[in-house]
Amino acid sequence: MSELLANDLITPDAGESPLLSLSEVSILKAAPLTRLSLRARDASLKDAGKAFGAALPVNPLLAETSKKRAALWMGPDEWTLLAPEEDCQALFTAIEEKLGDQPHSLVDISDRSEAIIVSGEKASWLLNTGIFIDFSIESFPVGTVTRTVFHKSPVMVWRTGTDTFVVEAWVSFMEYVTGLLVQSAQELEVA
Amino acid sequence: MSQPFRTEKGGRIDRNEQLTFTFDGEQMQGHKGDTLASALLANGVHLVGRSFKYHRPRGIISSGSEEPNALVGIYRNGDQTPNLRATQVELYQGLEAISQNRFPSLGFDIGAINDLMSPLFPAGFYYKTFMWPKSFWDRVYEPVIRAAAGLGKPPKKPDHDFYGNLYAHCDVLVAGSGPSGLAAALAAAETGAKVILCDEQAEFGGSLLSENSASVDGKEPADWVAVTLARLGAMDNVTLLPRTTAFGYFAHNYVALAERITDHIANPDPKLPRERLWQVRAKEVVIAAGAIERPLVFPENDRPGILLADAGRTYLNRYGVKVGHKVLVATASDSAWQAAFDMADHGVEVAAIVDLRETPPKNLMAIAEARGIRVEAGCVVTGTLGRKRVKAALLGRLMTSGQVASGGQVECDALLMSGGWTPTVSLYSQSRGKVVWDGDKGAFVPGKSVQHERSTGASKGLYGLQATLEDGYAAGENAAKAATGKSAKIAYSTATGGEASNGGTLGALPHDRNASRVKAFVDYQNDVTAKDVKLAVREGMHSIEHIKRYTTTGMATDQGRLSNMNALKIASGALDRPLTDVGLTTFRQPFTPTTFGLFAGVSRGDFFDPVRKTPSHDWVVENGGVFEDVGQWKRTWYFPKNGEDMHAAVARECKIARESVGLFDASTLGKIEVVGPDAAEFLERMYTNPWKKLATGRCRYGLLLNDAGFITDDGVIGRLAEGRFHVTTTTGGAPSVFARMEDYLQTEWPDLDVWITSTTEQYAVAAVQGPKAREVIAPFIEGIDLSAENLPHMSVREGTFCGVPCRLFRISFTGELGFEINVSRRHGKMMWETLAKEIEKHSGTAYGTETMHVLRAEKGYIIVGQDTDGTVTPQDAGMTWAIGKKKLDFVGKRGLERPDLKADGRPQFVGLLTTDPKVKLEEGAQVTVAENPATGTSAEGHVTSSYYSPALDRTIALAMVKNGQALEGKTLYVPMPEGSIPVEVTGTVFYDKEGARINV
């Protein structure tokens, strides 16, 4: 379920050639997205979810998805809301109107980060060259999302399939992240 | 070419694959499966190095990573890696090895004179011999000692390899793959637990690979290893890591492994990392590190050809190499007897078995008799002969009086020794466990577990093949149970033969020689003798930690795994205190020498640190801009045109910005969106300035202090709506300001309805500054009236730039009419290129950070971190205007009330003008009252910023000077090596003091 809906939202950027394309793992740049950072109290979550189009997960490290929407738990009062690029302004307005005077903070962070899609049977191995998290499916099931670090760069990792991860980094860190991933993957080319 | 010491058959080497290698340029042959050590021995080469201090000829002693003598350099790709242990270097076709620490050659080494002069170099000679004259230390003693001592030479070129890293998690990590390690791994794996099995050697199996007088489940031990590995290899939950050393055991069962990937390959694929650092978080660790044999401490026990008995047996059984043709075995324990028997069975002449014990076990005596081997019981070796290879040994008979009587001389070309076994407790010790003394075993063994680990087999002093197997299975089952709660009963393999070895000795052996003339080595690598340890005790070193540092015993690459127990016994004898009172030194990470490359990992070259670039980066590169590093950011420093140097480029950029217009990339400035009903209240508490009355659409300069009252950051803050502020910070301060705000929100004011979101990278920012700034941006801005009436200095509006949403700030860090346009980062490149083109129409220029610094200095605007140093208050900086006087509180308010911060004599921010307008002061230079102050006079302050100002056509400087504001008009001095520079103290604003240019 999560896998399908995420793939519906996070799509490879058609204009970009793959950063890495091996039989065991590939890295694709994701197309631009709407990203909204929502901070709010518990009382506002229902309204926010309604206005957004997907429920806001309340359990740590979880993501809720619906058609063209994903709400990622980032902290006890923090969510990153993902939607197609063109929905940005409408969504922003809709959530603001719905929440009205309820204390909250909604900030457009669409361009703050970029996403890559790391997939393949060696995807978790590749991420583990720089991320210390246990990516075994029992410890980090499909749908889990977290902030963490990749070597010296802060990143966000969202598992959207058994062998598929969405990795986001702030734009200026992305060259570092993808550069190291590609370098670390090169040994897979050796027969 | 022949390998005269290769056995006819047997061993695990591949006799069909012959490899050629060189040692000190001499070509030799070996086989696939050889280590460099075994190949050298097969060629009859024992002499492989010179000792550290006395330059004595040294040979291979062991067959493992504890090898103290056989340190070699390996040439590869035009450079060499020094100090590799020949016992761990796997042979490959074309391997080039060199010996170390010898000049001019291994056979003839000038440094060997040290051996004859050894009375001059007793333990602690650094501290004694070279005390006087003091000045000689730096110029004479140290350089000479450094040149004479030391091991290999460091490589000269940058490392041509790269290194991998992998984080891994497992239920059970098993370190060591001898019988107990293999059994543990199998037992744990069969429960379904995730298992990592690592071993520092190329092949799994440990002692089983050289054991041929026992069997497991009726199989040859090596065959049982193969079967077990096949089982393990077929399981998805098992990771097998040969050539991988568990070198560091850290907190919370975090264990670091070094995997060697390409060192053993003749022509490795350049896409493979040389080594990989495994950073493993294990729920349970099984330490199956085994035990290593102890050398016997007898005079001249260091001659080439003298090896540990078990090493001799390993070379024979595993590598098919005879360490000599006539071997003497000296021992205090049973295990060496088996080495003698194996030698005899391979046709090696065993000169004798010399056992310290009066009555060695009868069964061993019987076997020796059956093979016709001479046995000398109650006998020790008291010395050896032969310079570059042992050629005979002196025997001594132990008398009931404790004295030793000469027992004649025995010819031999190799001597195998065994003082018994020492459990390898290094990893356990690294896990912060405390070893305990086991009197029966005569060894320190692991005590209580401090972390989730257990030792098994020989590493806890348990010997005998059957016992170690059983213990290994149990350890694996228990570890898996503890990690996962699951268990499974598997059929245990049973062993016959391989009985536990009894006996052993500690300390120096008695002898009938002149004790002051002979050297009986305790620590081979550091050339520490029994005499040195005794001397250290005589000179007052009573703790093992002091003895270690005074003599350097146990400070070699094996961390004393070979030497500690003998040194301890000698010290305890000299002190006349029980061994346990003297204590054992702590084993620390890393277990064996580990490459710097492994630790550096990917952090080199372009990946040393993230290199953060702004959207203008490509344009700047194309237009010849020069970058400077500001934290992780690449910022444009200046744009040289037509071969300009920096000074000329900056002067031009400054001039054009003031006369026409300049374009500057301000994207790196930190940006924080503060949103919520309590946003103004929050800023009111964080910053010194008042915010509640700031109107929507207006901006204010904000000053941020720490609790102590010192300036830590600043920036312009714009109010976008009642509950929404756009805060800017310095480039370098962005993460720390955000973190401090979040800290206050979470810990001090969780009641406030306000949240912060970093938008640093959401926006690209272009600063357009100069009299023509409005004309430059006007064609592209829609939805905002740019007139001075509607958009005065310090205002903010939202509109569009070329059709994309923008936040337009009218602010200035130059003193000119200025705008900063924020568009979402994706459009940053478009914005920059649009503006860069447009300013050309107005003869404008893009400028970099240096021009920005000059322009702001001309206006006396501070740069936090350059003009301030973490000890500057707003009063010191002349910025009391930024403090909201009516505010009840803000971060740092109470700090500012400290008497010392209000007292007279604080450094204050001032301008300095040199009498000679061409002289530019050095930033950081001291400012004094006297023209030529006496040495020791305190400075009145220092220069913080200094530039040539094109607008004033002279130099200007900013400084922090004691009571500086009261000194305006006075002359002070900046003493420099070339002479004192007179300066006039001025105000901090040098240009457009009325501020007329900013408000147009």
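Predicted model: local features only at pLDDT ≥ 70, side-chain atom pairs only at ≥ 80, totals over all residues.
The chains meet through 33 residues from chain A and 32 residues from chain B, while chain A itself is divided into domain 1 (2–31 + 112–189) and domain 2 (33–108).

**Contact between chain A and chain B**

- The contact draws 33 residues from chain A and 32 residues from chain B, and on the chain A side the elements that give two or more residues are strand 3 (33–40), strand 7 (104–108) and helix 5 (171–185).
- Helix 5 of chain A gives the most to the side of chain A that touches chain B, contributing seven residues.
- By residue class, that side of chain A divides into twelve nonpolar, 13 polar and eight charged residues.

**Domains of chain A**

- Domain 1 of chain A is made up of two stretches, 2–31 and 112–189, whereas domain 2 of chain A covers 33–108.
- The C-alpha centres of domain 1 and domain 2 of chain A are 23 Å apart, and 16 residues of domain 1 are in contact with 14 residues of domain 2.
- On the side of domain 1 that touches domain 2, the elements giving two or more residues are helix 1 (2–9), strand 8 (113–119) and strand 9 (145–150) of chain A, and helix 1 of chain A gives the most, with five residues.
- The residues on this side of domain 1 of chain A divide into eight nonpolar, five polar and three charged.

- Chain B holds an open sheet of six strands in the order 46-47-48-45-50-49, with antiparallel pairing.
- The edges of this sheet are strand 46 (926–927) and strand 49 (971–976) of chain B, each of which pairs on one side only.
- Strand 46 of chain B pairs with strand 47 (residues 941–949) of chain B in the antiparallel sense over two bridges, and B:Gln926 has B:His942 in strand 47 as its bridge partner.
- Helix 23 of chain B lies across strand 47 and strand 48 (954–962) of chain B, and runs at about 110° to strand 47.

**Helix 18 against helix 23 in chain B**

- Helix 23 (residues 849–858) of chain B also meets helix 18 (residues 646–659) of chain B, their axes coming within 9 Å and crossing at roughly 60°.
- The two helices are therefore oblique to each other, and their crossing is right-handed.
- From helix 18 of chain B, the contact uses B:Met646, B:Val650, B:Glu653, B:Cys654 and B:Ala657, which meet B:Glu850, B:Thr851, B:Val854 and B:Leu855 of helix 23.
- The residues of this helix 18 to helix 23 contact divide into six nonpolar, one polar and two charged.

**Helix 8 against helix 9 in chain B**

- The axes of helix 8 (residues 335–345) and helix 9 (residues 362–371) of chain B come within 11 Å and cross at roughly 20°, which makes helix 8 roughly parallel to helix 9.
- The crossing of helix 8 and helix 9 of chain B is left-handed.
- Helix 8 of chain B brings B:Trp337, B:Phe341 and B:Ala344 to the contact, and helix 9 of chain B brings B:Leu364, B:Ile367, B:Ala368 and B:Arg371.
- This contact of helix 8 with helix 9 of chain B divides into six nonpolar, no polar and one charged residue.

Note on methods
Residues numbered from 1 in each chain as written. Chains lettered and ligands numbered in written order. Axes fitted to C-alpha atoms, helices over the stretch in contact; angles between N-to-C directions. Helix = DSSP H or I, 4+ residues; strand = E, 2+ residues; numbered from the N terminus. Parallel < 35°, antiparallel > 145°, perpendicular 65-115°, else oblique. Left-handed = near helix turned anticlockwise from the far one by under 90°. Contact = placed C-beta atoms within 7 Å. Nonpolar A, V, L, I, M, F, W, Y, C, P; charged D, E, K, R; others polar. Domains from an automatic or database assignment. Pairing = 2+ DSSP bridges.
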